[in-house]
Amino acid sequence: MMVGWGTAVRNIGALFRAGVEPYTPTPSVDVYRHPHRRLRHYRRATAGSGNPILLVPPLAVTISCYDLRPSQSLVEFLLDLGREVYVIDYGDITYADRDLGFEEWVDDIVPDAIRRVSAEQAYAPVEVIGWSFGGTISLLTTAADPALPVSSVTAVGTPFDQRRNGQMALARSLGRLAPTQLVTAPVRLLGGIPKHAVRLGFRAQSLDRELTKPLYIARHVGDTESLARMQAVDRFMDTMPGYPGRFYRQVYRQLILRNEMWTGTVHLNPEHAVDLTTVTVPVLLIGGNRDTLASAASVAAGVEVLTRAPVTFAEVDGSHLGIIAGPNARTGTWTAIADFLARTDRRNVDEPRDDSVSVPV
């Protein structure tokens, strides 16, 4: 096919200016705004139907993971399904946040958001959706307080068994040879993983993409859509915040070395253990067949862990980011979510609603 030279010239110029497509996030309003817990409600032209949805991001990424660009926006997809959609925005993470750990999210930030979303929607139970560590946090939150008004949990690219997870299996082997302090001491000194290190690490996970980018641009110089997708991913990686020190150390010790998501009991601290078998709501686990950070097998292991919950596992095509925001997410992950939500709706039709949820002011 002949390249439209006018389009190609415009695209080349745009690549060195504002980009071929400006970033226009889906409009939202703040329900409340506090440090690391800004709750946003995406605008709808008409009232939504069905249970409201709360999107829980992982740390070290922005909420744009759910709203990358038009046609690559889970938010828009869920709004088109007729849902009321909310998201928690953690904001930037700095050295001052070095002591924040899983507890802040599992015991405070996410439960508070769930209760407030439920209260805003006439105390309807909430469908919680999390990608990567957002799925981990969502499941631990639901397990830590079974009384929360949660209707279901969807965890996308959330590993349970690190032994089945290529790169992490290697990290576990190396971790057994080196003292834990050797790995965690630099993180403690820096107060966490700085944002520039997070961005570099994420790019390193897709080194082939970075190395072949000039060739990709040359091949698609007249294809505005392809270049817009490429730049959306670049923009996403360029805005990643950092990890709090305590959170990272917990991930390394509890989730990677001790593989506690697989054992079924995650020790947030010596006095606080979360038993994943207390989860009884429907759970959807989604794994990508090209995910190098959370292999499909490591995600599917959750079926063996969540023994008291009706669990559905779906394997889709895509990388770690691709399964939630890639060009094929609509026919893979998003369709699986839509089918799961429809089944959950049918399950909840005849169940009585508990209007006794308390919401802090």
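Analyst: A residue is buried under 20% relative accessible area, exposed over 50% and partly exposed in between (1.4 Å probe, protein chains only). The model is predicted, so local features need pLDDT of at least 70 and side-chain atom pairs pLDDT 80 or more, while totals for chains, interfaces and linings use all residues. Numbering starts from 1 along each chain as its sequence is written, and side-chain values use heavy atoms, without hydrogens and water.

The protein chain holds 16 helices and twelve strands (DSSP runs numbered from the N terminus: H or I of at least four residues, E of at least two). Buried residues make up 53% of its 361 residues. Take contacts (heavy atoms within 4.5 Å) between residues at least 6 apart in sequence: 80% of them join residues at least 24 apart.

The part to look at is α4, residues 133–144. From first C-alpha to last, its twelve residues reach 16 Å, close to the 16 Å expected at 1.5 Å a residue (1.5 Å times one less than the number of residues). Eleven of the twelve are buried, so α4 is largely enclosed by the rest of the structure. The buried set includes Phe-133, Gly-134, Gly-135, Ser-138 and Thr-142.

Two helices pack against α4. One is α3, residues 102–120, at an angle of about 80° with the axes 9 Å apart (lines fitted to C-alpha atoms over the stretch in contact, with angles from 0 to 180 degrees between N-to-C directions). The pair is therefore roughly perpendicular (65 to 115 degrees; under 35 is roughly parallel, over 145 roughly antiparallel, the rest oblique). On the α3 side the contact uses Phe-102, Trp-105, Val-106, Asp-107, Val-110, Pro-111 and Ile-114. On the α4 side it uses Thr-136, Ile-137, Leu-140, Thr-141 and Ala-144. By class, these are nine nonpolar, two polar and one charged (Ala, Val, Leu, Ile, Met, Phe, Trp, Tyr, Cys and Pro count as nonpolar; Asp, Glu, Lys and Arg as charged; the others, Gly among them, as polar).

The other is α11, residues 245–257, also at about 80°, with the axes 14 Å apart. α4 and α11 are therefore roughly perpendicular to each other. Phe-133, Thr-136 and Ile-137 of α4 meet Phe-247, Val-251 and Leu-255 of α11. Five of these residues are nonpolar, one is polar and none is charged.

Now the core. A nonpolar core is a set of buried Ala, Val, Leu, Ile, Met, Phe, Trp, Tyr and Cys residues joined through side-chain atoms within 4.5 Å. The largest has 50 residues; Leu-54, Ile-88, Phe-102, Leu-140, Phe-160 and Leu-276 touch the most other members. Its largest share, eight residues, comes from α3. Leu-276 touches Leu-139, Leu-140 and Ala-143, and also Phe-160, Met-261, Gly-264, Val-305 and Leu-306, leaving out residues up to four places away in sequence. Another core, of 38 residues, lies apart, with Val-85, Ile-323, Ile-324 and Leu-341 among its members.

Last, the loop between α3 and β5 (126–131), where Ala-122 sits. Its phi is near 55°, a positive value in a residue other than glycine. Tyr-123 lies in that loop too. The phi of Tyr-123 is near 60°, again positive. Most residues other than glycine have a negative phi. Tyr-123 is partly exposed, at a relative accessible area of 29%.
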